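Subject: Structure for you to look at

Hi,

Here is the structure I promised to hand over. Please open it next to this email and follow along.

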Amino acid sequence: MILLEPHNHIIHTTLTEKASQPSALDVQFVDFDGVRFRLTTPDRKVPTALALSMNIRCWDELVRYGVNDILKREYGSLLRGEPEFGYNVTLDIDLEQIPPEGEQRDAFIKSLSLLKRNALAAPFELGFQTQKQLEASGTGQGELMALHYRDEEVIYVQASSDRVTVIFSTMFREETDRVFGKVFLQEFVDARRLPTIQSAPQVLYTTREPPLEIRHLQGLNDTDDVGYVTFVLFPRHFARADVASSTITHIQLFRDYLHYHIKCSKAYMHSRMRHRVSEFQKVLNRAKTEVAVVDRKTASGRSMSMR
């Protein structure tokens with residue numbers, strides 16, 4: 001299995017190209033989870049001035065959890081005070097002011113392509129900070145933060161004095177998706193028993209019945225289509241800044257990772273089924289009997305022919 005890239009590939013490749021050869025553009029595209037982007041030159045006479053805008057459905061919730069502070073920390077003066085109409089956040093990029101070609105430019109473009117990742121990091125960073133405060137006080141439990149990032153699917157984050165609990169609710173629309181999803185998620189649960197990955201976060205999986213942390217919430221879906229995946233993050237998973245950043249990056253992509261590999265598995269199964277049917281057809285074709293051609297002759301030795 002492969003890991004999905006956290007950055008947006010279209011933003012990365014487009015900015016890399018325009019940094020070398022500036023020209024007017026207007027590109028609109030959609031990332032995972034229905035996040036919309038627009039990369040454009042507001043003034044076509046100034047091709048070196050670009051605007052990168054993003055629209056994400058859970059923006060209001062992210063604002064409550066401190067997304068503005070995170071974006072100011074990451075992008076500083078690039079952050080526009082009033083975003084483009086129809087979008088939640090806009091970055092103004094001057095190609096004449098970016099670092100020279102090399103590692104610094106690559107790092108700068110990579111940070112821009114991580115706009116979605118940095119925005120969605122808000123509840124996780126707040127949860128990590130709250131856990132440290134609760135650990136210092138010795139008791140207590142933080143706010144249950146809900147992120148409605150997709151239709152009928154939510155990420156819940158809650159800090160305690162000794163852990164941070166992250167819960168994904170995910171929908172399986174088809175019966176085959178539920179079967180594949182159960183196999184994958186059970187493997188997540190069982191894999192932690194291996195001695196080599198004892199330090200990995202604890203993973204719990206349930207169907208229909210929500211975990212205790214969110215069972216008191218109203219309007220939860222309790223049908224067979226929904227599954228709940230719980231990650232228990234301990235302080236060692238976000239003790240240092242680089243470790244915390246890696247944890248946030250990987251856990252954000254969990255839902256996309258799961259459904260991506262479900263689709264890949266179904267495609268592989270279909271290809272194997274088509275191959276097996278093709279082989280069976282070859283066997284059947286070889287089993288067909290050939291009609292014997294008999295040369296029938298008359299008493300005088302002439303061949304008889306059908307007219």
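Start with Leu112, which sits in helix α4, residues 103-113. Keep in mind that this is a predicted model.

Is Leu112 buried or exposed? Its relative accessibility is 1%. Buried means under 20%, so Leu112 counts as buried.

What does Leu112 touch? Leaving out residues up to four places away in sequence, the list is Ile11, Leu15, Leu52, Tyr75, Leu78, Leu91 and Ile93.

Now find Ser300. Leu112 and Ser300 are 188 residues apart in sequence. In space, their C-alpha atoms are 95 Å apart.

Next, the whole protein. It has nine helices and nine strands. Along the principal axes, the C-alpha atoms fill a box of roughly 115 × 60 × 40 Å.

How many of the 307 residues count as buried? The share is 40%. Leu112 is one of the buried residues.

Then the contacts. Take those between residues at least 6 apart in sequence: 60% of them join residues at least 24 apart.

Last, surface and charge. The protein exposes about 18400 Å². Carbon and sulfur atoms supply 53% of that area. There are 39 positive and 40 negative side chains. The centres of these two sets lie 11 Å apart.

Best wishes

How values were computed: Residues numbered from 1 in each chain as written. Predicted model: local features only at pLDDT ≥ 70, side-chain atom pairs only at ≥ 80, totals over all residues. Heavy atoms only, no water. Helix = DSSP H or I, 4+ residues; strand = E, 2+ residues; numbered from the N terminus. Buried < 20%, exposed > 50% of the residue type's maximum accessible area, 1.4 Å probe, protein only. Contact = heavy atoms within 4.5 Å. Areas by Shrake-Rupley, 256 points an atom, 1.4 Å probe, with all protein chains shown as cover. Lys, Arg positive; Asp, Glu negative; His and termini not counted. Charge placed at Lys NZ, Arg CZ, Asp CG, Glu CD.
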